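Keep the picture open while you read, and look for each residue as it comes up.

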Amino acid sequence: RIDSDFMLPFESVILYGEPYVDRCVELCWRMHIQDPPMILDFSSSSEIVDKAMFRLFTRSGEYVDFVVWPALLLHENGPLVQKGVVQPLKSKSTLKSH
């Protein structure tokens with residue numbers, strides 16, 4: 001923000017994006033200070049898709065390529081509040097190339 005020439009092209013992003021980011025940080029903080037804290041589950045790639053915890057994004061498949069949006073748990077090992085979203089690999093043979 002110090003270099004106005006650098007920031008000028010990003011003025012609208014800051015104007016509209018900063019309040020959104022502030023609210024996201026506030027929400028994450030509130031989830032964290034709960035006792036026990038809520039959990040964002042970012043199950044990692046190369047795992048089999050857990051359809052009880054995640055829904056599929058733009059294609060079907062058995063193995064996770066990446067997490068689009070994490071699942072939300074009430075607390076660690078607790079009940080599911082909201083399913084996450086994962087993008088599966090195109091095919092099982094793609095898993096070997098990762």
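Predicted model: local features only at pLDDT ≥ 70, side-chain atom pairs only at ≥ 80, totals over all residues.

1. A word on terms before anything else: helices (H or I, at least four residues) and strands (E, at least two) are DSSP runs, numbered from the N terminus.

2. Now the overall layout. The protein has 3 helices and 6 strands, and going along the sequence they come in the order α-α-β-β-β-β-β-β-α. Of the 98 residues, 20% are buried. The accessible surface comes to about 7600 Å², with carbon and sulfur atoms making up 59% of that. If you take the contacts with a separation of 6 or more, 51% of them link residues 24 or more positions apart.

3. Back to methionine 31. Is this residue buried or exposed? Its relative accessible area is 12%, and because buried means under 20%, methionine 31 counts as buried. Setting aside neighbours within four places in sequence, methionine 31 is in contact with Pro37, Met38, Leu40 and Leu72.

4. Next, the inside. Which residues form the largest nonpolar core? There are 7 of them: Val49, Met53, Phe54, Val64, Ala71, Leu73 and Val86. As a general background, nonpolar side chains tend to be buried together in soluble globular proteins. Pick out alanine 71 and look around: leaving out neighbours within four places in sequence, alanine 71 is in contact with Ile39, Leu40, Asp41, Met53, Phe54, Leu80, Gln82, Lys83 and Gly84. Met53 and Phe54 turn up in both lists, as contacts of alanine 71 and as members of the core.

5. Phe57, Phe66, Val68 and Trp69 make a nonpolar surface patch of about 420 Å². Phenylalanine 57 belongs to the loop between β2 (54-56) and β3 (64-69). With 45% relative accessibility, phenylalanine 57 counts as partly exposed.

6. Let's talk about charges. How many salt bridges are there? The count is 2. In one of them, the side chains of glutamate 26 and arginine 30 meet at 2.9 Å, N to O. These two residues are about one helical turn apart, because they are 4 residues apart in helix α2 (residues 11-32). Glutamate 26 is partly exposed at 33% relative accessibility, and so is arginine 30 at 49%.

7. The other pair is aspartate 65 with arginine 59, where the closest N and O atoms are 3.6 Å apart. Arginine 59 is partly exposed, its relative accessible area being 27%.

8. A disulfide needs the sulfur atoms within 2.5 Å, and the structure holds 0 disulfides. Cysteine 24 is partly exposed at 30% relative accessible area, as is cysteine 28 at 42%.

9. Most residues other than glycine have a negative phi, and most peptide bonds are trans. Here, aspartate 35 and proline 36 are joined by a cis peptide bond, with omega about 0 degrees. Proline 36 is in the loop between α2 and β1 (39-41). Then there's asparagine 77, with a positive phi near 60 degrees. You'll find asparagine 77 in the loop between β4 (71-73) and β5 (80-82), and it is exposed, with a relative accessible area of 74%.

10. One last stop: histidine 75, also in the loop between β4 and β5. What does histidine 75 touch, not counting residues up to four places away in sequence? The list is Pro36, Pro37, Met38 and Ile39. Histidine 75 and methionine 38 are 37 residues apart in sequence but 4.5 Å apart in space, C-alpha to C-alpha. At 27% relative accessibility, histidine 75 is partly exposed.

Technical notes:
Residues numbered from 1 in each chain as written. Heavy atoms only, no water. Core = buried A, V, L, I, M, F, W, Y, C linked by side-chain atoms within 4.5 Å. Buried < 20%, exposed > 50% of the residue type's maximum accessible area, 1.4 Å probe, protein only. Contact = heavy atoms within 4.5 Å. Patch = residues over 30% accessible without salt bridge, like charges linked within 9 Å, V, L, I, M, F, W, Y side chains within 5 Å. Areas by Shrake-Rupley, 256 points an atom, 1.4 Å probe, with all protein chains shown as cover. Salt bridge = Lys/Arg side-chain N within 4 Å of Asp/Glu carboxyl O.
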